[in-house]
Amino acid sequence: FFFQAEDGIRDAQESRGLGDVYKRQIRELPYSEFFELHVATRTHWGKKIPVEKIMTYSKTLNEPITNVPSNIESLATQTFKNILSYCEERKSSKPGYQHAMKLMKIAIEASTELRDEIYMQLVKQVRENPSKDNAIKVWKLFSLYSSCIPPSETLRDPLLNFLMLSLIHI
């Protein structure tokens, strides 16, 4: 048994895993505000596309999610294709693991902006993903990626916020 104590000694009670301390921290680190500040503004036929729509699962990405330098924009859209191919949502003659390896190789050599762009692409693909099997593949890739590539200081807290909220809603 694990016991929960957030501000002193408490009566013994089994912990639910994420205690009130974590729930309070989640409210202090809103990832939605991060999205509003860092997701590039997009328009379609002159109308602004809401950030929530940009940051929701899709099978296409024509331009980077964030404002990456212009010299890495094509690489940023390539990483999204690697994510789709790993998840078998894009036709490829290569097995999925090779796309994961390519994504990791790109990230290891990448700038902080591109590394964070990949995190945002992974977040996009798990949010409202209509396929449970696909979502699991994205979470596996997310796990692999985050075990090797740290987010920037700017993205770290909003990313933790997103992960904590995702765990609560599972």
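This is a predicted model: local features need pLDDT of at least 70, side-chain atom pairs count only at pLDDT 80 or more; totals for chains, interfaces and linings use all residues.
**Entry 1: Gln125**
I started with Gln125, which sits in helix H6, residues 112-126. Is Gln125 buried or exposed? I found a relative accessible area of 1%, so I noted Gln125 as buried. Next I followed its side chain, which reaches the backbone oxygen of Ser58 at 2.9 Å. Leaving aside neighbours within four places in sequence, I listed the contacts of Gln125, among them Tyr57, Phe80, Leu84 and Val138.

**Entry 2: Glu52 and Arg127**
I then turned to salt bridges, and the count came to five. In one of them, the side chains of Glu52 and Arg127 meet at 2.6 Å, N to O. Glu52 belongs to helix H3 and Arg127 to the loop between H6 and helix H7, so this pair ties together parts 75 residues apart in sequence. I looked up accessibility too: Glu52 is partly exposed at 37%, while Arg127 is buried at 10%.

**Entry 3: Glu88 and Lys137**
Which residue does Glu88 form a salt bridge with? I found Lys137, with the closest N and O atoms 3.1 Å apart. Glu88 is in the loop between helices H4 and H5, Lys137 is in helix H7, and 49 residues separate them. Glu88 is exposed at 60%, and Lys137 is partly exposed at 26%.

**Entry 4: Glu153 and Arg156**
My last stop was helix H8, where Glu153 and Arg156 lie three residues apart, about one turn of the helix. Their side chains meet in a salt bridge at 2.9 Å, N to O. I noted Glu153 as exposed, at 61% relative accessibility, and Arg156 as partly exposed, at 34%.

Terms used
Residues are numbered from 1 along each chain as its sequence is written. Side-chain values use heavy atoms; hydrogens and water are left out. Helices (H or I, at least four residues) and strands (E, at least two) are DSSP runs, numbered from the N terminus. Buried means under 20% relative accessible area, exposed over 50%, partly exposed in between (1.4 Å probe, protein chains only). A polar contact is a pair of N or O atoms within 3.5 Å; within protein, one must be able to donate a hydrogen and the other to accept it, and residues adjacent in sequence count only if both atoms are side-chain atoms. Contact means heavy atoms within 4.5 Å. A salt bridge is a side-chain nitrogen of Lys or Arg within 4 Å of a carboxyl oxygen of Asp or Glu.
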